[in-house]
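Subject: Model handover

Hello,

Please find the structure we spoke about below. My notes on it follow.

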Amino acid sequence: MTAPEPAGAPPGLGEALLAWGAATAAVHPLGAGLINQTFAVTDPVRGRFVLQRLHPVFRAEVNEDIDAVTRHLEARGEVTPRLLPTLAGELWSEAGGGVWRALSWVDGVGLDRLEHPTQAAEAGAALARFHRAVSDLGHEFRSVRSGVHDTARHLANLRQALVTHRQHRCFAAVEPLARVILSAAEQLPPLPVVPERIVHGDPKLNNILFTHDHVRAICLIDLDTLSRMALPLELGDALRSWCNPAGEDRSRAWFSLELFAAGVAGYARGAGGWITPPEWRSIVTATQTIYIELAARFCADALNESYFGWNPHEFPTRSEHNQVRAASQLQAARSLAEQREAAEAAVVAAFAG
Ligand code: GN1
Ligand code: MG
């Protein structure tokens, strides 16, 4: 091991640094992602870059998709992180039993909650720019994760977790929460069938890089989930995150109509006539759907304790952290349900006003 490693560094970090020729780098954990392990690397020779150890849910070939999409974005004049090849010219490196990749450094900051509607408009415009820029890319995705927003599948996983983990020490706390989520899911209106588009796949707030003054949205990061998908699901996933000013780690969450109206207006301005009426008309239903779906995913992990990263400084176990996250998404869903008509009106004003 030649480079000093941060506490709790995953196996293979030193070897991965060598693969990118960063033998004497300073390495710091970076960002608030729940899945991959991410580091900021500063090396006297290679400069500053991002190094990531992929969660096993992603196959190494995902890097070929990221390379194709980010090349296209760059050719269209969009700011984007790009994959940095290893010294051997590869898009990724295997070390310590995991897959590693390096990305160019884009200077900016990730936000965990929005402070102002103009930031929601910025996020909307950045997402619209991304969608339009990749819309003419004829890429066949190498990494296909089916059922990412198959809500029925996520609900079935939650029901299964209730059966499998009856003896879990937190079962008595999780089970009533799960029942409320499952019954809220039954109230969800169906989503229309629309054509698939190339999407980011996980446009939550902290996957958008902002300027250090938190004013401008620069670009989308965290590109492992790139895929073809119905656009309303993508927009619902974005808005469920951007419009919850409490963030994902507090059970007292709520849905901000003000942020929502600004977010859809920013998106509408950026997308112009590119988005079709069947797509924009289902944004509110899609947002509600993703709140419930993500609540179900967090709730299942409160029993399975195997998927989402968690914060041991604030919660006793992974289960408690995921219980709070599940309750938070559910609370935001309730808040949106109470403001549904006004949210629908904001969508019409943005896209047809
Ligand atoms: C995960 O990887 P990250 O932290 O950006 C998750 C998303 C969830 C999100 C909730 C691959 O995103 O689906 O919406 O957490 N990513 C994956 O914060 O499951
Ligand atoms: Mg992330």
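T70 is found in helix α2, which covers residues 62-75. In this predicted model, T70 has a relative accessible area of 0%. T70 is therefore buried, since the cut-off for that class is under 20%. A polar atom of the T70 side chain lies 3.3 Å from the backbone oxygen of D67. Setting aside neighbours within four places in sequence, the residues in contact with T70 are T80, P81, R82 and L223.

**The five-stranded sheet**

One open sheet has 5 strands in the order β1-β2-β3-β5-β4, with antiparallel pairing. Its edge strands are β1 (26-29) and β4 (93-95), each of which pairs on one side only. From one strand to the next, the twist averages 30°.

Going through the pairs, β1 and β2 run antiparallel and are joined by 4 bridges. H28 has A40 in β2 as its bridge partner. Strand β2 (residues 37-43) then pairs with strand β3 (residues 47-53) in the antiparallel sense, over 7 bridges. Within that pair, V41 stands opposite F49 in β3, and a hairpin of 3 residues joins β2 to β3.

How enclosed is strand β2 by the rest of the structure? Of its 7 residues, 5 are buried, so β2 is largely enclosed.

**The three-stranded sheet**

A further open sheet has 3 strands, in the order β6-β8-β9, and its pairing is antiparallel. Its edge strands are β6 (109-110) and β9, each pairing on one side only. Helix α3 (residues 117-134) packs on this sheet and touches β8 and β9. The direction of α3 makes about 40° with that of β9.

β6 and β8 pair over 2 bridges in the antiparallel sense. Strand β8 (residues 208-210) and strand β9 (residues 217-220) pair in the antiparallel sense over 3 bridges. F210 turns up in both pairings: V109 stands opposite F210 in β8, and F210 stands opposite A217 in β9. β8 and β9 form a hairpin with 6 residues between them. In the turn of that hairpin, H214 has a positive phi of about 65°.

**The magnesium ion**

Which residues coordinate the magnesium ion (ligand 2)? They are N207, through OD1, and D222, through OD, at 2.0 to 2.1 Å.

D222 is at 27% relative accessibility, so it counts as partly exposed.

**Ligand 1**

There are 16 residues around ligand 1, and those that come nearest are L34, K204, E248, R297 and Y307. In D202, an N or O atom of the side chain is 2.8 Å from an oxygen atom of the ligand. For R240, the distance from a side-chain N or O atom to an oxygen atom of ligand 1 is 3.4 Å.

**R325**

R325 has its place in helix α10 (residues 318-338). Is R325 buried or exposed? At 2% relative accessibility, R325 counts as buried. Not counting residues up to four places away in sequence, R325 touches L34, E248, D249, F298, F308, G309 and W310. Among these, L34 and E248 also belong to the residues that come nearest to ligand 1. R325 and E234 are 91 residues apart in sequence, and their C-alpha atoms are 20 Å apart in space.

Regards

Methods:
Residues are numbered from 1 along each chain as its sequence is written. Chains are lettered from A and ligands numbered from 1 in the order in which they are written. This is a predicted model: local features need pLDDT of at least 70, side-chain atom pairs count only at pLDDT 80 or more; totals for chains, interfaces and linings use all residues. Side-chain values use heavy atoms; hydrogens and water are left out. Two strands pair if DSSP finds at least two bridges between them. Buried means under 20% relative accessible area, exposed over 50%, partly exposed in between (1.4 Å probe, protein chains only). A polar contact is a pair of N or O atoms within 3.5 Å; within protein, one must be able to donate a hydrogen and the other to accept it, and residues adjacent in sequence count only if both atoms are side-chain atoms. Contact means heavy atoms within 4.5 Å. Axes are lines fitted to C-alpha atoms, for helices over the stretch in contact, and angles run from 0 to 180 degrees between N-to-C directions. Donors are N, O and S atoms within 2.8 Å of the metal (3.2 Å for Na, K and Ca); water is not among the atoms, so sites may look incomplete. A residue is near a molecule or strand if one of its heavy atoms lies within 4 Å of it.
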